[in-house]
Amino acid sequence: MRQVARRHRVLTAMAAGLLAVTGATTVLRTTEAMALENGAARTPPMGWNSWNTFGCNINETLIRQMADAMVSSGMRDAGYQYVVVDDCWMNPNRDSAGNLQGDPSRFPSGMKALGDYIHARGLKFGIYQGPLTKTCAQYFNSYPGSTGAQGHEAQDARQFAAWGVDYLKYDWCSPSGTIDDQVRVFNLMRDALAATGRPIVYSINSNSVHSKTGPQRDWGDVANMWRTTEDITNTWNSGQTNGYPMGIQNIVDVTVPLAGRAKPGAFNDMDMLEVGRGGMTDTEMRSHFALWAVMASPLIAGNDLRTMTAATQTILKNANLIGISQDPLARQAGQVSFDGTRRVLAKRLANGDVAVALFNQGSAATTISTTASAIGLSGGSFTLRDAWTDAVSTTSGGISASVPGHGTVVYRVSGGSGTPTPTPTGPSPTPTPTPTTSTPPPTGACQVTYAITSQWPSGFQGDVTIRNTGTTPVNGWTLRWSFANGQQLNQAWGATYAQSGAQVTATNVAYNGSIAPGGTATFGFIASQSGSNTAPTAFTLNDQACGRA
Ligand code: GLA
């Protein structure tokens, strides 16, 4: 309600011609042609954000409790990483040197200490700021001060890096500025973050209190993720096409046509999840999560992690859907067919499989059908794994399900005459716990492909594929290697990691836990380096020597 009232005030302000992207225009540079190569967010970021449930009512105790709950609930091990402190964390006044500070009464230990607490739990630290003079809560007068980054971009970026920030949400929140102004101003912070040398996920929102520019261009040169719509709310359909507030169906409608823009490091952001916040049926919540996963949106939970029901956990920790979301190919599902009610979306995956979503936009149950050839597979025999039930079935090409109103059935389709994918070897039903026992393959029954996908002066990014060349499944894996020249891992996806001296240890996460005979597991990482980036040596899989491809 409060937010609706605020939006109303905005429209009034816009009509009154409230303007001024002052200051920024004098220091603008034209950098649109540059691609964003910051090495971050190679797959859609996963985490939690304070705004949807708590708004401005946040403090360091709450955020610490949420980090603890992220670990104790198994969310971290399921793949969730970033703990993002949204608006209202800041002291309304910068210090005498112009530095941002945490609010002294609600964040008395300071933001660096909060970042340390989050990092100590194997999680990453996210924070919120606005590019103009005010954050959104300051703009709406629900929070005092005027601490936006305008004129302080480099200083704020350095401050965030010094606090250990790994993710910045940067929110326009002004009726002012053309889309070109927005690009230039967002690029100031893009470049300021790059200049810190710290890999920081750059998340922007150009839409708030503004005409909706999020869908109007491909922002992949500017940011790692960009909001496509106005703010989400916990309702299925708000009747908006792109106004405040947006329901699940409305966000899907806007974002489906933007599928071609998603790639490693660049994702359409369909806004933070409403799963577990009420306002929708269990079927609708499941649909919401499934669609965000196949559409490669960041998966940023917005519920209270301390009090999640079993039903909420079943959705948020669904290992099949998280595996599809975090697939290293990083595609967004494209539309295969749509008759106004029955929508079929398909997402190609790195191992040749295709995830297909059968989404029923109507309110009555209906049968939705497609075919293997319609989703880009050829051949005569396919395996379908239902992401919700984990049931496996076979087909010669027809793909079909009875789908309840507002429901989404997702199949992972394997097989065909391309590179045959082995039948999945039956991880336990979702949520899948991280396997604790392992079946090591015999010596030499694995092969590692190690590829550096980008490199910059102080660091590099790598992709690692482990192939099980043996005849028995590997249930739970640990890959070790040695870095000869002081390289240091500081981020990974698709695996958890630790490093002791030169020795790196990467271990599966739940959705990437089993490698069938002939199958692969893939993960990525970012590392810092000084000196030359000498190739790693001595790969072992579950303590057995492993060859290099
Ligand atoms: C805007 C954003 C929200 C949230 C608030 C904070 O409305 O879209 O996600 O960050 O600002 O004030």
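Reply: Here are the labels, taken one by one.

This is a predicted model, where local features need pLDDT of at least 70, side-chain atom pairs count only at pLDDT 80 or more, and totals for chains, interfaces and linings use all residues. Residues are numbered from 1 along each chain as its sequence is written, and side-chain values use heavy atoms, with hydrogens and water left out.

Me: Why is T213 called buried?

Reply: Buried means under 20% relative accessible area, exposed over 50%, and partly exposed in between (1.4 Å probe, protein chains only). T213 has 2% relative accessibility, so it counts as buried. T213 sits in the loop between β5 (201-205) and β6 (225-227). Helices (H or I, at least four residues) and strands (E, at least two) are DSSP runs, numbered from the N terminus.

Me: What is T213 in contact with, leaving aside its neighbours within four places in sequence?

Reply: I179, Q182, S206, N207 and W219. Contact means heavy atoms within 4.5 Å.

Me: What makes helix α7 mostly covered?

Reply: Eight of the eleven residues of α7 (residues 153-163) are buried. Among them are E153, D156, F160 and W163. The buried residues pack against α5 (111-120), β3 (124-129), β4 (167-171) and α8 (179-196). After α7 comes G164, with a positive phi near 85°.

Me: Why is the pair of Y82 and Y167 called tilted?

Reply: Rings of Phe, Tyr and Trp (its six-membered ring) pair if their centres lie within 6.5 Å; planes under 30 degrees apart count as stacked, over 60 as edge-to-face and the rest as tilted. By this rule there are 18 aromatic pairs. For Y82 and Y167 the centres are 5.2 Å apart and the planes 45° apart, a tilted pair. The pair links distant parts of the chain: Y82 is in strand β2 (residues 82-85) and Y167 in strand β4, 85 residues apart. Y82 has a relative accessible area of 2%, so it is buried. Y167 is buried too, at 3%.

Me: What about W481 and F539: how do you know that this pair is tilted?

Reply: Centre to centre it is 5.6 Å, with 40° between the planes, so the pair is tilted. W481 lies in strand β20 (residues 478-482) and F539 in strand β26 (residues 537-541), 58 residues apart. W481 is buried, with a relative accessible area of 0%. F539, at 4%, counts as buried. Ring pairs link both into a cluster with Y450, W477, F483, F523 and F525.

Me: What makes a set of residues a nonpolar core?

Reply: Its members are buried Ala, Val, Leu, Ile, Met, Phe, Trp, Tyr and Cys residues, joined through side-chain atoms within 4.5 Å. The largest has 107 residues; Y80, W89, Y202, F289 and W292 have the most contacts inside it. Helix α10 (residues 282-294) gives the largest share of this core, seven residues. Another core, of 24 residues, lies apart from it and includes C446, Y450, F483 and L541.

Me: Which residues have the most contacts inside the largest nonpolar core, and what does Y80 touch?

Reply: Y80 is one of those with the most contacts. Leaving aside neighbours within four places in sequence, Y80 is in contact with residues including M46, M70, L123, F289 and I322.
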